[in-house]
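Student: I'd like to learn how to read a fold from its coordinates. Could you walk me through one, feature by feature?

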Amino acid sequence: MSNIEKKGVGWLETRVADSKLLDPYFRENDKTPSWDGTIIVYDGSMKKENIKGKIDVQIKTTEVDKFHSNKTSYQVNIVDYENYYKIRGTILFVVEICGTDRKIFIKSLLPSEIKHILDELKNNGKSSKMLHLDELDMSTTKQLESICEHFLVHQKLQYIPITVTNFRF
């Protein structure tokens, strides 16, 4: 992990840790193919019995001369989309660094959207697709908490178990 990545991941981890409902587990020098860690979401206090769920996250960091205003874009390859789909979704963060300032952008990728993207990529013979991420207000943790809660609810709603038929042992 480059120094730029370390700065972005470290800063994001600090911001997420400000929440009383979210507990970040981000890895430095991470070699995991499609993820950089997880966020544990709690219902109330951070006790084992209050865990609502876990969200796998991908964190990208980029240096910029000027911040994007309210949105930014990031190119994601088909293999990452396939991996995100296998685990029923992920949240992608892009941290922009401009001098000593930071800005965070976020995109929730739930199974139905990932499936749509994968179908589109395969039908068009493409190997990647640009994602558009929204700026995350980090003056408070409320928006991030809301996004994580929404993600967990919709991840469960969009999960379709696979039924194996005519399988012989």
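Predicted model: local features only at pLDDT ≥ 70, side-chain atom pairs only at ≥ 80, totals over all residues.

Student: Is V57 buried or exposed?

Tutor: The cut-offs come first: buried means under 20% relative accessible area, exposed over 50%, and partly exposed in between, with a 1.4 Å probe and protein chains only. V57 has a relative accessible area of 0%, so it counts as buried.

Student: What is V57 in contact with, beyond its neighbours within four places in sequence?

Tutor: Contact means heavy atoms within 4.5 Å. With those neighbours left aside, V57 is in contact with F26, W35, D36, G37, T38, I39, T90, I91 and F93.

Student: How do I read the sheet?

Tutor: The general idea is that strands of a sheet pair through backbone hydrogen bonds, either parallel or antiparallel. Here two strands pair if DSSP finds at least two bridges between them. This model has an open sheet of seven strands, in the order β1-β2-β3-β5-β6-β7-β4, with mixed pairing. β1 and β4 (71-77) stand at the edges with a single partner strand each, so one side of each is left without a neighbour in the sheet. From one strand to the next, the twist averages 35 degrees.

Student: Which pairs run parallel and which antiparallel?

Tutor: Let's walk along the order. β1 and β2 run antiparallel, joined by five bridges, and F26 stands opposite G37 in β2. β2 and β3 are also antiparallel, with six bridges; there, G37 has V57 as its bridge partner in β3. β3 and β5, however, run parallel and are joined by seven bridges, with I59 opposite F93 in β5. Over at β4, the pairing with strand β7 (residues 128-135) is antiparallel over seven bridges, and T72 stands opposite L133 in β7.

Student: β1 is at an edge. How many of its residues are buried?

Tutor: Four of the five residues of β1 are buried, so take it as mostly covered.

Student: What should I look for in the core?

Tutor: In soluble globular proteins, nonpolar side chains tend to be buried together. A nonpolar core is a set of buried Ala, Val, Leu, Ile, Met, Phe, Trp, Tyr and Cys residues joined through side-chain atoms within 4.5 Å. The largest one here has 23 residues, and I39 and F93 touch the most other members. At least two residues of this core come from each of α1 (3-17), β1 (22-26), β2 (37-42), β3 (51-63), β5 (90-98), β6 (101-109) and α4 (142-158). There's also a second, separate core of 15 residues, including W35, V76, I117 and L133.

Student: And how do I describe two packed helices?

Tutor: You give the angle between their axes and the distance between the axes. Axes are lines fitted to C-alpha atoms, for helices over the stretch in contact, and angles run from 0 to 180 degrees between N-to-C directions. The axes of helix α2 (residues 78-86) and α3 come within 9 Å and cross at roughly 145 degrees. The contact is made by I78, Y81, E82, Y84 and Y85 of α2 and P111, I114, K115, I117, L118, L121 and K122 of α3. Angles work for a helix on a sheet too: α1 lies across β1, β2, β3, β5 and β6 at about 145 degrees to β3, while helix α3 (residues 111-124) lies across β6 and β7 at about 85 degrees to β6.

Student: Last one: what is the phi of R88?

Tutor: As background, most residues other than glycine have a negative phi. R88 has a positive phi of about 70 degrees although it is not a glycine. R88 lies in the loop between α2 and β5 and is partly exposed, with a relative accessible area of 31%.

Technical notes:
Residues numbered from 1 in each chain as written. Heavy atoms only, no water.
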